[in-house]
Amino acid sequence: MILTLADAPAHVHAHAPAHAGHGGTGLFGTVVAAAALAAALAHLTAAARLRGRGDVWPRHRDLCFATGCAALALALTGPLPGGPFTAHMAQHLTVAMAAPLLLVLGRPLTLVLRTLPGGSPARRALLAVAHARPVGVLLFPPLAAVLDVGGLWLLYRTPLSAQAARHPLLGAAVHAHVLAAGLLFTFAVCQLDPVRRRWGPLWRGATLLAAGWAHAVLAKSLYATPPPGTAYATGDLHTGSQLMYYGGDLVEVALATVLATRWYAARGRAHRRRARGASYGASRSPTTA
C-alpha cells in the first residue's frame, strides 16, 4: 500500500509553529540519554570481562546494544531533521521501534546473568524477576502489542498528543510509556533472553502481523487528519506520516527476520537431537542372526 499526496483530503492546510530542537524532550530526554550511554558503557565492560575469562560473547551483540543506546540518546536530545511532525515521527520510530530492537538484540539480560557469579543473591533475584508470573503475563505477545500500538492510537487519535506538548510532566510520561511499551513488545516478539515462558512462533508471528497492520492504519489516518488539537503544515503532516508508515514497515520486517531465524535455528537443533537419538538407539539395538 503506497501513501501519496492524492490520498489526503484538501482541507488539511493547518500550520504549526516550529518547535525549538524539533524533538527535544527537556530534562527527561537528558536523563534517559545519560542512562542509555551509561548502560552502553556497562554492557561493553561486562562483555569485555566475559571475553577476558575465556567465555564466548559475539561482538555483534555489543554493536547492536551500543548503537541502540546511541540512537535513543540522539532521538531524545535532538535536534532532528524536518518539520515539527516529521521530527516527532523520527523520534517515535527511534524510541518506540528501532532502538528497542537494537537493545533487545544485544541480549542484556543474558549478559548480566552470565556476568554475575553463579548462586549469588543478585543473580537469584534477577532470575526470580525474569521468571515471575506478572512478567510472564506482560510478555504475552497480544497484551504487549495492545500496550504498545494501542497506546499510540490513544496518543494520536485523542487530544493526548496536544496536551502532552503543552505539559512537560505529561509529555515525559508519554515518552516513558512509548519507550517501555516498545521494549516490552520487542522483547515479547523476539524472546531472546531467558524468561518464565516462551510463547511459540505462531503467537508471536500473528501478533507481529496484527500490530504491523494497526500501525500502518494509524499512519494512514494521520496522513489524512492530524492528531486532535494540533495543527501542522500539510507537507509536514504528509512527510511525517509516510515516515511512520514505511519506517515502521522496515522495523517490522527486521522483527520478522529475527523471529524466522530463531524458529529455523530451533527446528535445526530439534532435528539434530532426533537424529542423534535415532543413531544412539540403532547402535544399542541387539543384532539378529
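The following is a conversation about a predicted model of one protein chain.

Q: What conventions apply to the numbering and to the values?
A: Residues are numbered from 1 along each chain as its sequence is written, and side-chain values use heavy atoms, with hydrogens and water left out. As the model is a predicted one, local features need pLDDT of at least 70 and side-chain atom pairs count only at pLDDT 80 or more, while totals for chains, interfaces and linings use all residues.

Q: How much of the chain is buried?
A: Buried residues account for 42% of the 289 residues. Buried means under 20% relative accessible area, exposed over 50%, and partly exposed in between, with a 1.4 Å probe and protein chains only.

Q: And what share of the contacts join residues at least 24 apart?
A: Among contacts between residues at least 6 apart in sequence, 79% join residues at least 24 apart. Contact means heavy atoms within 4.5 Å.

Q: Which residues touch the most other members of the largest nonpolar core?
A: They are L72, V95, Y156, F185, C190, L222 and L255, in a core of 51 residues. A nonpolar core is a set of buried Ala, Val, Leu, Ile, Met, Phe, Trp, Tyr and Cys residues joined through side-chain atoms within 4.5 Å.

Q: Which helices supply that core?
A: At least two residues each come from α1 (26–52), α2, α3, α7 (141–156), α9 (168–190), α10 (201–224) and α11 (234–284). The largest share, ten residues, is that of α3.

Q: What does V95 touch?
A: Leaving aside neighbours within four places in sequence, V95 is in contact with L72, A75, L76, P100, V178 and L179.

Q: How do α2 and α3 pack?
A: Helix α2 (residues 59–77) and helix α3 (residues 84–105) pack at an angle of about 160 degrees, with their axes 7 Å apart. Axes are lines fitted to C-alpha atoms, for helices over the stretch in contact, and angles run from 0 to 180 degrees between N-to-C directions. That angle makes α2 roughly antiparallel to α3. Angles under 35 degrees count as roughly parallel, over 145 as roughly antiparallel, 65 to 115 as roughly perpendicular and the rest as oblique.

Q: Which residues make that contact?
A: From α2 they are R61, C64, F65, T67, G68, C69, A71, L72, A75 and L76, and from α3 they are Q91, T94, V95, A99, L102, L103 and L105. By class, the contact of α2 with α3 has twelve nonpolar, four polar and one charged residues. Here Ala, Val, Leu, Ile, Met, Phe, Trp, Tyr, Cys and Pro count as nonpolar, Asp, Glu, Lys and Arg as charged, and the others, Gly among them, as polar.

Q: Now α7 and α10: what is the angle there?
A: The angle is about 5 degrees, with the axes of α7 and α10 9 Å apart. That makes α7 roughly parallel to α10. The contact of α7 with α10 has 13 nonpolar, two polar and one charged residues.

Q: And α9 with α10, at what angle do they cross?
A: Their axes come within 9 Å and cross at roughly 140 degrees, and α9 and α10 are therefore oblique to each other. In this contact F185, A188, V189 and C190 in α9 meet R204, T207, L208 and A211 in α10.

Q: Turning to M244, is this residue buried or exposed?
A: M244 is buried, with a relative accessible area of 0%, and is found in helix α11. Not counting residues up to four places away in sequence, M244 touches M89, H92, L93, H215, L218, A219 and L222. M244 and L222 are 22 residues apart in sequence and 9.4 Å apart in space, C-alpha to C-alpha.

Q: What about the backbone: what is phi for R107 and for Q191?
A: R107 has a positive phi of about 50 degrees although it is not a glycine. R107 lies in the loop between α3 and α4 (108–115) and counts as buried at 17% relative accessibility. Phi of Q191, also a residue other than glycine, is positive and near 50 degrees. Q191 sits in the loop between α9 and α10, and at 3% relative accessibility counts as buried.

Key
Helices (H or I, at least four residues) and strands (E, at least two) are DSSP runs, numbered from the N terminus.
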